[in-house]
Amino acid sequence: MKKIMILIIFAIALTGCSFIEETNNSLNYATEATEYFNDLSNFAEETSGLVNQAASDPAAKEELETQLIALEESITDFNALDAPGIAEGLHQKLTEKNQQLLDITDGIIQNGEVAIDQLQNSDLYQTIEKITELKSQIEELGF
């Protein structure tokens with residue numbers, strides 16, 4: 001009887017540890033997702049005014065290039081995250097939208113330089129807006 005009680009207590013402890021680990025993973029993912037959404041919003045705010053300036057101002061164009069490269073790195077880093085089970089479907093949606101965003105940025109950065117006309121004719125900012133709309137779904141998961 002004593003051995004059975006010990007096994008039950010051990011099983012409960014393991015289940016509790018698993019639950020705590022899953023909760024921690026979920027919280028970590030939510031934090032990373034929130035930071036990513038903030039990065040996207042900051043990019044949109046900081047670069048929207050640079051687009052028109054970049055056509056005639058080499059410094060603005062260089063700043064825009066730097067921001068676009070940082071955006072691509074942020075997207076790639078976020079896509080590499082391991083989503084907890086509760087957020088797998090949402091993470092899949094995000095990575096699909098992120099791929100669209102990467103395709104757009106690849107079309108904008110040509111031979112290491114920003115093609116201003118490509119940027120002006122792209123759906124870059126609309127795609128960012130669609131991605132950041134998914135933030136509410138992360139919040140609804142209870143994070």
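Me: Before we start, helices here are DSSP runs of H or I with at least four residues, numbered from the N terminus. This is a predicted model, so which helix gives the largest share of the negative patch?

Reply: The patch of negative charge sits on the surface and gathers Glu 32, Glu 35, Asp 39, Glu 73 and Asp 77. Two elements give two or more residues to it, helix 1 and helix 3 (58-79). The largest share, 3 residues, comes from helix 1.

Me: Is Asp 39 buried, partly exposed or exposed?

Reply: Asp 39 has its place in helix 1. Buried means under 20% relative accessible area and exposed means over 50%, with partly exposed in between. Asp 39 comes out at 39%, so the label is partly exposed.

Me: OK, on to the rings. What kind of aromatic pair do Tyr 36 and Phe 37 form?

Reply: A search of the whole structure turns up 4 aromatic pairs. For Tyr 36 and Phe 37, the centres are 6.2 Å apart with 50° between the planes. Planes under 30 degrees apart would be stacked and over 60 edge-to-face. That pair is tilted.

Me: And why is the pair of Phe 43 and Tyr 125 stacked?

Reply: Their ring centres are 6.2 Å apart. The pair is stacked because the planes meet at 20°.

Me: How many residues apart in sequence are the parts that this pair ties together?

Reply: Phe 43 is buried at 3% relative accessible area, while Tyr 125 is partly exposed at 24%. Phe 43 lies in helix 1 (residues 2-48) and Tyr 125 in helix 6 (residues 124-132). So the parts tied together are apart in sequence by 82 residues.

Notes:
Residues are numbered from 1 along each chain as its sequence is written. This is a predicted model: local features need pLDDT of at least 70, side-chain atom pairs count only at pLDDT 80 or more; totals for chains, interfaces and linings use all residues. Side-chain values use heavy atoms; hydrogens and water are left out. Rings of Phe, Tyr and Trp (its six-membered ring) pair if their centres lie within 6.5 Å; planes under 30 degrees apart count as stacked, over 60 as edge-to-face and the rest as tilted. Buried means under 20% relative accessible area, exposed over 50%, partly exposed in between (1.4 Å probe, protein chains only). Patches are made of residues with over 30% relative accessible area and no salt bridge: like charges are joined within 9 Å, nonpolar side chains (Val, Leu, Ile, Met, Phe, Trp, Tyr) within 5 Å. Accessible areas come from the Shrake-Rupley method with a 1.4 Å probe; for residues, only the protein chains shown count as cover. A salt bridge is a side-chain nitrogen of Lys or Arg within 4 Å of a carboxyl oxygen of Asp or Glu. Lys and Arg count as positive and Asp and Glu as negative; His and the chain ends are not counted. The place of a charge is taken as NZ of Lys, CZ of Arg, CG of Asp or CD of Glu.
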